[in-house]
Amino acid sequence: MSVFPIARAAICAVGALALLSACGGRERPKSDIAASQVTTIGVNSYLWRASLDTLSFMPLLQADSAGGVIVTDWYTNPQTPSERMKVTVSILDQDLRADALRVAASRQVSQAGQWVDAPVRAATVQSLEEIILTKARDLRQSAIRE
């Protein structure tokens, strides 16, 4: 029996142990924990939480975290009782990115006791998107600092 195969096996075993021991024992950087792609619920959790928080004043009709869709029911602001809004938020990606968020809004006004569809200002939808994205970034920054 030759010594070379035994020596070769011993060297391979020592090398494997050295590689395995180098993998452990170090603490992960906190930025890994707060990566932009946090998806324990199917979509980016920062965008999901920020969307729910932003729309918390409106009654929810549907909230599907796996599909990333939030649909509110009609909301009437007490200061403008002749107008109501309904919002749908779609989270389209697992990354925290501006193009991963889509907001759509519907508006109705009361005319002669009937609700009639009315146009939604583009600035309203843009404002909602900006609020959600800002909150999502703030949530991510808070997670990095912890």
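Start by selecting Trp74 and Arg84: Arg84 lies over the face of Trp74, at 4.5 Å from the ring centre. A charge counts as sitting over a ring if NZ of Lys or CZ of Arg is within 6 Å of the ring centre and within 35 degrees of the ring normal.

Before going on, note that this is a predicted model, in which local features need pLDDT of at least 70 and side-chain atom pairs count only at pLDDT 80 or more, while totals for chains, interfaces and linings use all residues. Residues are numbered from 1 along each chain as its sequence is written, and side-chain values use heavy atoms, with hydrogens and water left out.

**Whole chain**

Switch to a cartoon view. The protein chain has four helices and six strands, in the order α-α-α-β-β-β-β-β-β-α along the sequence. These are DSSP runs numbered from the N terminus: helices are H or I with at least four residues, strands E with at least two.

Colour by pLDDT, the predictor's confidence in each residue, from 0 to 100. The protein chain averages 83, and 73% of the residues score at least 70. Contact means heavy atoms within 4.5 Å. Residues 28-33 also have a pLDDT below 50, with four contacts beyond near neighbours in sequence. Where pLDDT is low, the predicted coordinates should not be read in detail.

**The aromatic pair**

Next, select Phe57 and Tyr75. A search of the whole structure finds one aromatic pair, and these two residues form it, edge-to-face, at 5.0 Å centre to centre with 85° between the planes. Rings of Phe, Tyr and Trp (its six-membered ring) pair if their centres lie within 6.5 Å; planes under 30 degrees apart count as stacked, over 60 as edge-to-face and the rest as tilted. Phe57 lies in the loop between helix H3 (45-54) and strand S1 (60-64), and Tyr75 in strand S3 (residues 75-76), so the pair ties together parts that are 18 residues apart in sequence. Phe57 is partly exposed at 48% relative accessibility, as is Tyr75 at 22%. On this scale buried means under 20% relative accessible area, exposed over 50%, and partly exposed in between (1.4 Å probe, protein chains only).

**Helix H3**

Move to H3. Seven of its 10 residues are buried, so H3 is largely enclosed by the rest of the structure. Among the buried residues are Tyr46, Leu47 and Trp48. At the start of H3, zoom in on Asn44, where a side-chain oxygen reaches to within 3.0 Å of the backbone nitrogen of Tyr46.

Ser51 of H3 is buried, with a relative accessible area of 0%. Beyond its neighbours within four places in sequence, Ser51 is in contact with Ile70, Val89, Ile91, Leu101 and Ile132.

**The core**

Which residues touch the most other members of the largest nonpolar core? They are Leu47, Val89 and Val103, in a core of 21 residues. Such a core is a set of buried Ala, Val, Leu, Ile, Met, Phe, Trp, Tyr and Cys residues joined through side-chain atoms within 4.5 Å. H3, strand S4 (83-91), strand S5 (101-111) and helix H4 (122-145) each give two or more residues to this core, and H4 gives the most, with five.

End on H4 at Ile131, which is partly exposed at 36% relative accessibility.

Definitions and conventions:
A polar contact is a pair of N or O atoms within 3.5 Å; within protein, one must be able to donate a hydrogen and the other to accept it, and residues adjacent in sequence count only if both atoms are side-chain atoms.
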